[in-house]
Each structure stands twice: as C-alpha cells, then as structure tokens.
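Keep the sequence and the 3D view side by side as you read.

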Amino acid sequence: MKLGSLPQGRDGRLIVVSDDLAWYADADHIVPTMQGLLDDWDRHYPQLEALSIELAHGAIPRKRFHEREACAPLPRAFQWVDGSAYVNHVELVRKARGAELPASFWSDPLMYQGGSDDLRGAREPVLLADEDWGCDFEAEIVVVTGDVPQGISPAAALKHVRLIGLVNDVSLRNLIPGELAKGFGFVQSKPASHFSPVFVTPDAMGDAWAGGKLLRTLTVDLNGAPFGRIEAGEECTFDFGVLIAHLAKTRRIGAGTIIGSGTVSNRDPDGSPGRPVAEGGRGYSCIAEQRMVETIATGAPATPFLKWGDSVRIEVRDGKGKSIFGAIEQSVIQP
C-alpha cells in the first residue's frame with residue numbers, strides 16, 4: 001500500500017495512492033493524518049488496505065495524483081534521526097575533512113537527531129541563503145516505525161517498520177566542521193529535509209525489500225545529468241533492524257519516528273572509492289563523495305557544491321521501471 005499526504009493544516013491530509021502513482025483516494029474519513037494512522041496502526045491499517053484494493057479496482061471515486069501537490073508524508077514527526085548504514089560514505093566524508101575513521105564505526109553505527117518540526121515535500125525548493133555554505137544533497141532511504149520497546153533485538157525491530165521511503169537530507173558542508181568542533185553535534189548545518197511523495201508499506205515492496213534493506217538502484221540526477229546509479233542493497237553495513245535497535249538501546253521509540261540510512265554509497269568492485277557515472281561508474285549520492293574522489297585523484301576537488309538554480313532528482317524504480325516512491329525533484333533557490 002502506498003500512502004501520502006496533501007497539504008491541510010499542520011499535519012496534512014492522509015490519502016491512499018495507487019501502485020502506479022496515477023490516482024488517489026481520500027482516506028481522512030478513516031483516519032485524518034499519517035500520524036494518526038501510526039498511533040493506532042492495528043485498528044486503521046485493515047481499513048486502509050481495503051480502501052487501497054477498492055482504489056485499484058476503480059470501485060470508489062478517485063482523483064488524479066500529482067506528485068508536485070503532495071507535502072511530506074509526515075509534515076512534522078515526533079522524531080527524525082539519521083544513521084550510518086553505508087560506512088563507505090562516512091569514511092570518504094571524514095577523509096575530506098582530514099579526519100580518520102575509527103575502527104568502531106564498522107561495528108557500531110553513528111546516529112544523530114535532526115529537526116523534525118519542518119519536514120518538506122518532494123517538490124519544495126531547497127532554500128539556500130548563502131552559496132558559500134556548501135550546500136549538498138544526500139540521497140537516502142528512510143523507514144517509519146510504530147512503537148518500539150526498549151532493548152529490542154535487530155531481528156525483532158524489523159517487525160516494527162511500518163513504512164519505507166526516500167529523503168534528501170540536505171547538508172551545508174562548509175558549516176559542519178565548525179559545528180562539530182564544538183563537540184555538540186549538528187544544528188545549523190542540517191537544514192530542512194525533503195521526503196518522497198509517498199511512503200510504502202513493506203508488504204507492498206515485494207522483492208525490493210528484504211532483510212531490512214532496499215534492494216534496488218537509487219538514481220540521482222544533477223541538473224538533468226546522471227550523477228548516481230547506486231545499488232542500495234550493496235555495502236549496506238547496517239540494515240534498518242540494526243539502526244532501530246541502536247536507537248532503542250536505552251529508551252522506547254514512539255510511533256512516527258523516521259530513521260534514515262545515511263547517504264547510500266558504493267565502492268568500485270576493485271575497492272576504490274568509485275567513479276562518476278560519466279566514466280562508467282555508479283557515481284555518488286552526494287557531491288561530497290565526488291569531491292573527495294577528485295581530491296584523491298588530482299589533489300583538489302573540481303565539482304562545486306549546489307548553487308542557486310541547480311536541480312536535483314532522486315528516485316527508485318521497480319523491476320518494471322516504474323517509480324516506487326515517486327521522485328524527489330527540486331531546485332535550489334535563494335529565500
């Protein structure tokens with residue numbers, strides 16, 4: 001089942017979307033918002049599933065679904081945290097700052113809490129006040145959980161995944177070193193994140209979802225040109241069960257928590273950091289990785305960070321070439 005939200009109030013209006021992303025049916029007569037669904041999942045899910053089946057068979061009134069009209073499926077969430085499922089990315093970005101990667105990062109995931117009061121839609125622009133801040137996109141996978149008990153195991157944690165989607169976790173690279181040097185984490189360097197038009201239930205993912213991993217190619221385009229064609233199921237050091245269990249080690253997790261994978265990242269088969277798509281490689285899910293590879297090769301980065309007027313597109317397609325979550329497609333503008 002695919003679910004989304006249309007703008008209405010602070011928390012949007014819940015809708016059920018057809019598998020081909022062409023149609024939707026209002027679901028607010030069952031439960032008004034996505035958060036309301038997550039709060040009482042067992043009660044509302046069967047009703048929404050029945051609505052989804054009726055939509056698929058054309059048995060109920062339906063309306064055209066336009067991705068550009070959707071807000072974030074959860075316009076605000078009780079919690080948004082981002083992890084480090086792809087340690088290759090962490091290693092490359094730390095090298096770019098001249099920092100070594102501790103060996104523990106391969107066995108104990110990183111995680112930070114981001115701002116969750118202003119989560120934005122897939123077509124909303126990235127607001128960049130100063131180009132010198134080093135604006136970068138980060139293409140990632142996310143899951144949304146139900147209530148999760150403290151101390152849960154990674155295997156059991158996967159049973160609490162309610163929804164799967166995509167995020168552009170925007171970073172301001174030139175602000176990060178100064179913030180981290182204070183020893184207290186990200187704030188200004190992590191502006192609003194942008195989410196895919198729809199989130200999808202695990203049972204509707206088929207063989208694209210297994211073992212807490214998305215087993216499909218993540219496509220990233222920058223200004224209309226291929227930038228990344230990364231295999232999300234490969235080199236995923238920590239699956240989402242591990243990330244959820246990490247977060248729940250010392251406390252309960254509330255329904256509606258969004259957990260990100262961190263930037264999806266691949267190396268080349270020979271173990272090198274990877275090559276750009278234009279050179280026959282899989283490319284990258286963020287500019288910082290390409291800049292790091294350029295630095296390794298030539299001694300200096302060549303690819304600039306995002307500027308006003310640049311555009312980014314992030315998407316995942318199924319085995320038949322159809323978009324699973326819809327596309328995050330946005331421009332960078334000066335507010």
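Two strands count as paired if DSSP finds at least two bridges between them. Helices (H or I, at least four residues) and strands (E, at least two) are DSSP runs, numbered from the N terminus. The model is predicted: local features need pLDDT of at least 70, side-chain atom pairs count only at pLDDT 80 or more, and totals for chains, interfaces and linings use all residues. Residues are numbered from 1 along each chain as its sequence is written, and side-chain values use heavy atoms, with hydrogens and water left out.

Start with a sheet. Five strands form an open sheet in the order β7-β20-β19-β16-β17, and the pairing is mixed. Its edges are β7 (126-127) and β17 (225-231), each of which pairs on one side only. β7 runs parallel to β20 (residues 328-333), and two bridges join them. Within that pair, V126 sits opposite V332 of β20. Strands of a sheet pair through backbone hydrogen bonds, either parallel or antiparallel.

Step past β7 and you reach L128. This residue lies in the loop between β7 and β8 (135-136). Is L128 buried or exposed? Its relative accessibility is 1%, so L128 counts as buried. Buried means under 20% relative accessible area, exposed means over 50%, and partly exposed lies in between (1.4 Å probe, protein chains only). Contact means heavy atoms within 4.5 Å. Leaving aside neighbours within four places in sequence, L128 contacts W133, C135, L172, L306, W308, V332, I333, Q334 and P335.

Now turn to β10 (residues 161-168). Eight of its eight residues are buried. Strand β9 (residues 139-145) runs antiparallel to β10, joined by seven bridges. V144 has L163 of β10 as its bridge partner. β10 also pairs with β12 (residues 194-195), again antiparallel, over two bridges. There N168 stands opposite H194 of β12.

α7 (residues 287-298) has 12 residues and reaches 16 Å from its first C-alpha to its last. That is close to the 16 Å expected at 1.5 Å a residue, where the expected span is 1.5 Å times one less than the number of residues. Buried residues in α7 are I287, A288, E289, Q290, M292, V293 and E294. G299 follows α7, with a positive phi near 95°.

What holds the interior? A nonpolar core is a set of buried Ala, Val, Leu, Ile, Met, Phe, Trp, Tyr and Cys residues joined through side-chain atoms within 4.5 Å. The largest has 65 residues, and M205, L214 and F325 have the most contacts inside it. Helix α6 (residues 240-247) gives the most to this core, with five residues. A second, separate core of 30 residues includes A72, W80, V144 and I258. Back in the sequence around F325, its contacts beyond four places away include L21, I164, L166, M205, L214 and V316.

Finish with the cysteines. A disulfide is a pair of cysteine sulfur atoms within 2.5 Å. A search of the whole structure finds zero of them. C236 is in no disulfide either; the sulfur of C286 is its nearest, 16 Å away. C236 counts as buried, at 10% relative accessibility.
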